[in-house]
Amino acid sequence: MILFIDCGDTLCDESTEVRLVPGGVVQKASLFPGAAETIEQIHALGIPICLVADGLDASFQVILRNVIGCFDGWVTSEAVGAEKPSPLMFEAAMKAMELSDSDKPQILMVGNNVRKDIAGANRFGILSVLADYSPRYDMTPHAPDEVPRFILHDICDLPALIRHLETQKN
Ligand SMILES: [Mg+2]
């Protein structure tokens, strides 16, 4: 399996983000309990991990500073010039990770936003996983392509989901 993952309200608790000006670079933010350990655990399993996140590169450098070494790819909307659900974001991740279309059935996209992460992943043809533990966005799918393939109630459950899918594959 290969992991594409969002940051805000998936790894990081957006309510803890501190900016000097609205829309500016995040100066400080907390990850959800267990999020750092989960990313480290997945990295230790040998699963390639790519950030696929809308926002400023410098913000994610701050937010993910303690786990930055676990990421094999780093795709931000600032660098791409488009936000999820644009396929440009997912294409950039494929390129960063040197993947091809035949790898798509092995790719999980984990995120909290049904209109961005889930619809984007479903339309792109990769496995969508809704991180549903943040209260800040409406998670009700309003179109068939906003329906997630899997739902994660706790970030700490992600290694088990990956292991389950790896077992099914073999
Ligand atoms: Mg998010």
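Reply: Some wording first: helices and strands here are DSSP runs, numbered from the N terminus. Also, this is a predicted model.

Me: Ok. Where is aspartate 9?

Reply: Aspartate 9 sits in the loop between β1 (2-5) and β2 (12-19). Its phi is positive, about 65°, although it is not a glycine.

Me: Is aspartate 9 buried or exposed?

Reply: Aspartate 9 is buried, because it has 21 C-beta neighbours inside 10 Å, and the cut-off for buried is 20 or more.

Me: And what is phi for glutamate 98?

Reply: Glutamate 98 has a positive phi too, near 55°. That residue lies in the loop between α4 and β6 (107-111). Glutamate 98 counts as exposed, because 10 other C-beta atoms lie within 10 Å and exposed means 12 or fewer.

Me: New topic. Which residues does the cis peptide bond join?

Reply: Lysine 84 and proline 85, with omega about 15°. Proline 85 is in the loop between α3 (77-80) and α4 (87-96). Most peptide bonds are trans.

Me: Now helices. At what angle do α1 and α6 cross?

Reply: Roughly 25°, and the axes of α1 (residues 35-44) and α6 (residues 158-169) come within 9 Å. Angles under 35 degrees count as roughly parallel, so α1 and α6 are roughly parallel to each other.

Me: Which residues meet there?

Reply: From α1, Thr38, Gln41 and Ile42; from α6, Leu158, Pro159 and Ile162. In this contact of α1 with α6, four residues are nonpolar, two are polar and none is charged.

Technical notes: Residues are numbered from 1 along each chain as its sequence is written. This is a predicted model: local features need pLDDT of at least 70, side-chain atom pairs count only at pLDDT 80 or more; totals for chains, interfaces and linings use all residues. Helices (H or I, at least four residues) and strands (E, at least two) are DSSP runs, numbered from the N terminus. Axes are lines fitted to C-alpha atoms, for helices over the stretch in contact, and angles run from 0 to 180 degrees between N-to-C directions. Angles under 35 degrees count as roughly parallel, over 145 as roughly antiparallel, 65 to 115 as roughly perpendicular and the rest as oblique. Two residues are in contact if their C-beta atoms, placed from the backbone, lie within 7 Å. Ala, Val, Leu, Ile, Met, Phe, Trp, Tyr, Cys and Pro count as nonpolar, Asp, Glu, Lys and Arg as charged, and the others, Gly among them, as polar.
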